[in-house]
Amino acid sequence: MRKWIGATAAMGMLALGGLAGPAAQAAEPSAPKVIRVGATQAMDSMNPFLAVRLVSSSIHRWMYGYLAVPDSKTLQPSPDLAESWTTSPDGLTWTFKIRSAKWSDGQPITAADAAWTFNKMITDDGAKTANGPAVENFASVTANGQDLTVKLKTPQASMLDNPVPIMPKHAWEKVGDIARYEANEYPAVTSGPYIAVEHKKDQYVKLKANPDYWRGAPKIDELQVIFYDNPAAAIVGLKKGDIDLIGRLAPPDFEALKGDENIVQWNTEGRRATYLQVNHGATTSDNKPIGDGHPALKDPKVRQALHYAIDKQKLVDQVQNGLAKPADGSIVPPMYKDFFWQAEGEKKVSFDVAKANKILDDAGYKKGADGIRTMPDGSRKLQFRFSIHTDAPIEEKLAEYLTGWFKELGITLTTKRLDSSKFTEETGTTALFDIAISGWSVNPDPEEVLATHLCSRRPTASGEGGGTESFYCDPQYEALYQQQLKELDRPKRADIIKKMEERLYTDAPVIALYYPNNLEGYRKDRIAKVTSIPEDKGMLYGGSGYWPFYTLEAVSKDGAAAEDDGSNTGVIVGIVAGVLILIGAGYFLTRRRKTVADDRE
Amino acid sequence: MSITWTRRRLAFGRFWASFRTQRAGVIGLAILLLAVLLAVIAPLFIDAGVTNVVSGTGEKLSPPSWDDPLGTDESGRSVLLMIWWGSRTSLLIGFLAALLSMVIGTVLGIAAGHFRGWIGAIVMRITDWFLVLPSLVTALVLAAILGGSTVTIIAAIGVTSWPSTARLIRAQTLAVEARPYIERSQALGGGHWHITTRHVLPNVAPLLLASTTLEVASAIVTESTLAFLGVSANKTSWGTMLRGSYDWGAATSGAWWYILVPGLCIVIVVMAFTLCGRALENVLNPRLRKAV
Amino acid sequence: MTISTPPAADAIAEEPARRGLLRYAVAKVGGALLSIAMVIVATFFAFRLLPGDPVRALAQGRNMTPEQLDLERRRLGLDKSLLEQFVQFVNQTVHFDLGTSYEYKRPVLDLIGERIGATLLLTGTALVMAVSLGIWQGARAGWKPGSRFDKFSTGVSLVLWSVPTFWLGLLLLMVFAAGIGPIPGIFPTRGIESVDAPDGFGYVLDVAKHMVLPCLTMVAVVYAQYLLVMRSSVLDEVGQDYVTTARAKGLKDDEIRRRHAVPNALLPTVTLVFMRIGFVVGGAVTVEAIFSWPGLGQLFYEAIRVPDFTLMQGTFLLITVSVILMNTLADVIYHVLDPRVRSA
């Protein structure tokens, strides 16, 4: 037993004595230029067919080429691995010319790689996990040398926004079961600006610059993505210089960066819209009613009144610390200038409780003795449920404000908290809700988000989900959607899309609240230059495409000096702690020895 | 009856005299009585409105001042008032979870001690099984499955914390039933119910009190941990306040009052329950009495 | 889990001592197997209590066609009767197949395997340190109850015991990793190792540096229980006849303590260490979440946040079963070591 205690003491010494050693920082003159990016989410999979988390798709965007990427200035699709493309007059056949470039292992990139990638997804359900819907409309994909031909089932204007990374056929066709493949083989075979060289689960991913990248090698040598579980620790990490850049910050964390002279607070328009989903009489895809939505919400006037009763500016100030834009539009945020529609004049709904009350009075919803309105036929009081997620502080706060405002209308709102799976089920399939919080991060091409309000997205009669965001089914909206699909002329298509947004705004199956800003921060003593996307006040980490990370430039003197300081303090404190422990342990051990001596007597 | 009463009063007098010598215990008792009193009278002064964000009038995350002696949170609500109102949830969950755990523990403990044969064996098997389950992990799983509400949180904590009480009560039951008067009572025709409620229960009750007091302490800590991990009753409690301070970046914005105050409240109240419970144990368990 | 002084010694002493070791071990192992069976059964039914359609819960609102849902349902065996499902579940579990995580799309067992090392390192080190600290302070405190040392060490441990683990972790992080005022933030904010950790001994030092804060957090919160049990066991020994005899023989006080009282008092404490190992594992969940420690606790926390029920179920099963096995091992070892049992 004594030995055991002695060993324990020794172990403790070892553990604490570890402080005494500085984490060896080889600060040679030609130190590699390394930029470290923090993320508050860990990689779910290195296999792009499976990965669904945002951090994973970002990293994959830095590693692999796509058919097209959003242009860094206009966000319009521009050539990536596809140099050029043509469309047949009926819009059903697309022919891409694949760039003559090389994979990072030296093999040539051909159309066969792209064809293999898409065909794999079409034929193998396991490969559909991440981006399945992107190939749903593909009838066939064939390759001939550098020419890739994609035949579609129906015309699709968003074809160039295809989110599927092109994978190297020669390296991936050997994989047996793609659904179980981890892709933990390094260095990875890539075609983008970076090559993954190491991934430690839940810890970090290391990417080396691809020297043979067809646009030219990136200006830094290494890009590291470091995962944090704890956002507060990530902020501390940025302030200390453990990481150089972090994106997707919550407003309070962003504000915590204020006052640090080495940190640039990067606050720009975001790609997300936050809105309310109103159960306006949910139906299934065969038009049968489903769920238990409040009948009053079927009346567009009631939905309109609710819209008037929301002080969006106040929500922005209170819930988002002012770091958002009140929504005077619909589900497409203003950062997409081409597609953004804003309500003006008559149509614009602005905070006006009196007007909201008048709308309800005129429509026959009378207030009872308790101040709560009832249906015109007196059958039911206007008591709505508001569904939010558990563990979502922003939604919690939002719910409390809405409750306060609706009370002034004579409407009771009670908050219902659901975990994410239950939430999705009740607000997306079974329609067991009145009003629910919702939101969507919109891609440069808004087709995906527009499609979430189509009739066909409603659940089937047997209750299978179709991915609706509103249970909306409106002939006018449907017609506009079909029209924009076929319209390959961008400005004309944008006009149609704006009409769709207007329809959503006035009919109010969803009520947009605000567009949260994209909040990021980076150290200017480490990062000399970074180009946002779009270049004019755009996003860094949160943006689509690889521009910001391809154009990263490190401060040449490297951060070694700052780190040395830290280690020196560490050494001193470590030595002191170590000495104290040694004294303690020594005392302990000498007394023990004495006992042994006593034993021998 | 009067004899019983006199005897009990005397016993209580002896107990109190002995408890009073436990200085830490008395301090603990005073603190927890104060905490309970404050929680009970809170509705006379404030209502749930103090936890409502719309009514938050102060500056966001402003440091302690005359208007808000303990500063404000991310919505400009007074931390002091929220602590006061939140104490009701924290203490309620603490007490009810401990009560639940005590009831389960007592029933099963006495059953295991009283019915020796296979019933006792089975009950002990179950108790031992629950005893080794990692309680926090189990409570998290239960709360995640049942969904967050005051009742499920109480159930999750109560269901995972009773086994130590059961073991304690079983040992005590065995000791009590070894006494000769139990045999006499059995001979006189006293049934299981009579023996367990009239003889065993009164004898184990004092120790039960001590163990329940300690149980409240750990239930309050568990509640705050569950709240921190995202499983909460959706009402303002000290645990949810700490979660709020974490969610709203109080640490990185330097809002120390928002982090320290709820945490210190937990520490103080838990400490008070612990001191009180240990003092009770010292008084009631002669084996430990010499321990001061 | 309360801090009450557990009657560990009583509980053990009740075991009939005269049984042979083998018989004892067989009985204990049998009991453990029964416990594990109960865990498997309870897990199956608890996770079938989940409200709603598990397939849709698994899908987490991702777009799935009816065909995909059917496929998934068949894959999970949900089209079969409850009994068949149960048989299948048991069969898979005993063959160490814990299912596939929806979030990671990989076998739960693989995910656990990748992370268990980090957790064992953290909890193991913390446990060893907490136990050493608790035994050392508890022995001294129990030997001279009421002394300044007793009051001080017991008091400090009780205060730390009352602190919620996550809160202490956050405070330590903010003070010693971020740095406040004159205190430099010398410790890392996350993880088990630096991204550019050196090889060899440098790597060990790097990991040690990362371990300091998480380890400190865990030790601070759990060591009180070992201290208190050790204290009360030593206290028991102080009243024993042999101590009086030894004193009468003129042996030095310190020597009696170290040669007789402490070894005798140690066994119940060591047993308690194993009995409460589940508590330490629970603490790992919060500590790992705060310090981004890539272990099982973090995996479990993630499973709860998503929620990924297969992953939650698998992690829960594994943690519970290992705790049961540890306890059984401790029981048997105790039986081998306890001088009272041996001599009988």
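What share of the 601 residues in chain A is buried? Buried residues make up 51% of them, where buried takes 20 or more other C-beta atoms within 10 Å of a residue's own, exposed 12 or fewer, and partly exposed in between, with C-beta atoms placed from the backbone.

1. **Ground rules.** This is a predicted model: local features need pLDDT of at least 70, side-chain atom pairs count only at pLDDT 80 or more, and totals for chains, interfaces and linings use all residues. Residues are numbered from 1 along each chain as its sequence is written, while chains are lettered from A and ligands numbered from 1 in the order in which they are written.

2. **Confidence.** pLDDT is the predictor's confidence in each residue, from 0 to 100. Its mean over chain A is 84, and 87% of the residues reach 70 or more. Residues 558-572 of chain A fall below 50, yet this stretch has 21 contacts in the model beyond near neighbours in sequence. Residues 589-601 of chain A also stay under 50, with six contacts beyond four places in sequence. A contact here is two residues whose C-beta atoms, placed from the backbone, lie within 7 Å.

3. **Overall make-up.** Chain A has 16 helices and 21 strands. These are DSSP runs numbered from the N terminus: helices are H or I with at least four residues, strands E with at least two. Take the contacts in chain A between residues at least 6 apart in sequence: 68% join residues at least 24 apart.

4. **The four-stranded sheet.** The order in chain A is S4-S5-S7-S6, open and antiparallel. Strands S4 (82-87) and S6 (138-144) of chain A are at the edges with a single partner strand each, so one side of each is left without a neighbour in the sheet. From one strand to the next the twist averages 20°. Two strands pair if DSSP finds at least two bridges between them. S4(A) and S5(A), residues 93-98, are antiparallel and share five bridges. One bridge sets Ser84(A) against Lys97(A). Helix H3(A), residues 111-123, lies across S5, S6 and S7 (147-152) of chain A, at about 155° to S6(A). Axes are lines fitted to C-alpha atoms, for helices over the stretch in contact, and angles run from 0 to 180 degrees between N-to-C directions.

5. **The seven-stranded sheet.** This open sheet of chain A runs S8-S9-S10-S1-S11-S19-S12, with mixed pairing. S8 (194-200) and S12 (263-268) of chain A are its edge strands, each pairing on one side only. S12(A) runs antiparallel to S19(A), residues 518-523, through six bridges. Ile263(A) stands opposite Arg523(A). Helix H2(A), residues 54-63, packs on the sheet and touches S1, S8, S9 and S10 of chain A, making about 140° with S8(A). Helix H5(A), residues 231-240, lies across S1, S11, S12 and S19 of chain A, at about 160° to S1(A).

6. **Helix H10.** H10(A) covers residues 393-408. Its 16 residues should span 22 Å at 1.5 Å a residue, and its end C-alpha atoms are 24 Å apart, which agrees. The expected span is 1.5 Å times one less than the number of residues. Its buried residues include Leu398(A), Leu402(A), Trp405(A) and Phe406(A), but also Glu395(A) and Lys397(A). Their cover includes H8, S15, S16 and S17 of chain A. Just after the helix, Gly410(A) has a positive phi of about 80°.

7. **Interface.** In chain B, 17 residues contact 18 residues of chain A. The chain B side has five nonpolar, 10 polar and two charged residues. Nonpolar means Ala, Val, Leu, Ile, Met, Phe, Trp, Tyr, Cys and Pro; charged means Asp, Glu, Lys and Arg; the others, Gly among them, are polar.
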